[in-house]
Amino acid sequence: MATREQGGRSSGVLETERSKTKPPRLYNVLLLNDDFTPMDFVIVVLQRFFGFSREQATLIMLKVHREGKGLCGVFPRDVAASKVEQVSAFARQNQHPLACVMEEN
């Protein structure tokens, strides 16, 4: 924190200046629908990487299936990028084309 003298001239009193920081930009992490990834696998991904209950994960999976994409969470950039990479690597390891992307909120 910076300090400055109060009152213009050298009065001996210091006042704290607060620097204003912006909150970090947030990013939506989304799963995209495809015709090959099993629904049960999508539910596992949502539970394992995003902490959803089975019921919540099922609702999101159905949204992905019906609408083409579904929101998994909103995170700061580094966390969102990490989630995308983890999900993508897990899908590749299990030979599924599941796409996970991030977009600015």
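Let's start with Phe75: in this predicted model its relative accessible area is 17%, so Phe75 counts as buried, the cut-off being under 20%. Phe50 belongs to helix H1 and Phe75 to strand S4 (residues 69-76), and the pair links distant parts of the chain, 25 residues apart.

How many aromatic pairs are there? The count comes to 3. Another of them joins Phe41 and Phe90, whose ring centres are 5.3 Å apart and whose planes meet at 10 degrees, so this pair is stacked. Phe41 lies in helix H1 and Phe90 in helix H3 (residues 77-93), so the contact ties together parts that are 49 residues apart in sequence. Both Phe41 and Phe90 are buried.

Now turn to how helix H1 sits against its neighbour. H1 (residues 39-50) packs with helix H2 (residues 54-67) at an angle of about 125 degrees, and their axes are 9 Å apart. That angle makes H1 oblique to H2. The crossing of H1 past H2 is right-handed.

Which residues do the touching? From H1 come Met39, Asp40, Val42, Ile43, Leu46 and Gln47, and they meet Arg54, Ala57, Thr58, Ile60, Met61 and His65 of H2. Sorted by class, the contact of H1 with H2 has 7 nonpolar, 3 polar and 2 charged residues.

Definitions and conventions. Residues are numbered from 1 along each chain as its sequence is written. This is a predicted model: local features need pLDDT of at least 70, side-chain atom pairs count only at pLDDT 80 or more; totals for chains, interfaces and linings use all residues. Side-chain values use heavy atoms; hydrogens and water are left out. Axes are lines fitted to C-alpha atoms, for helices over the stretch in contact, and angles run from 0 to 180 degrees between N-to-C directions. Helices (H or I, at least four residues) and strands (E, at least two) are DSSP runs, numbered from the N terminus. Angles under 35 degrees count as roughly parallel, over 145 as roughly antiparallel, 65 to 115 as roughly perpendicular and the rest as oblique. A crossing is left-handed if the near helix is turned anticlockwise from the far one by less than a right angle, and right-handed if clockwise. Contact means heavy atoms within 4.5 Å. Ala, Val, Leu, Ile, Met, Phe, Trp, Tyr, Cys and Pro count as nonpolar, Asp, Glu, Lys and Arg as charged, and the others, Gly among them, as polar. Rings of Phe, Tyr and Trp (its six-membered ring) pair if their centres lie within 6.5 Å; planes under 30 degrees apart count as stacked, over 60 as edge-to-face and the rest as tilted. Buried means under 20% relative accessible area, exposed over 50%, partly exposed in between (1.4 Å probe, protein chains only).
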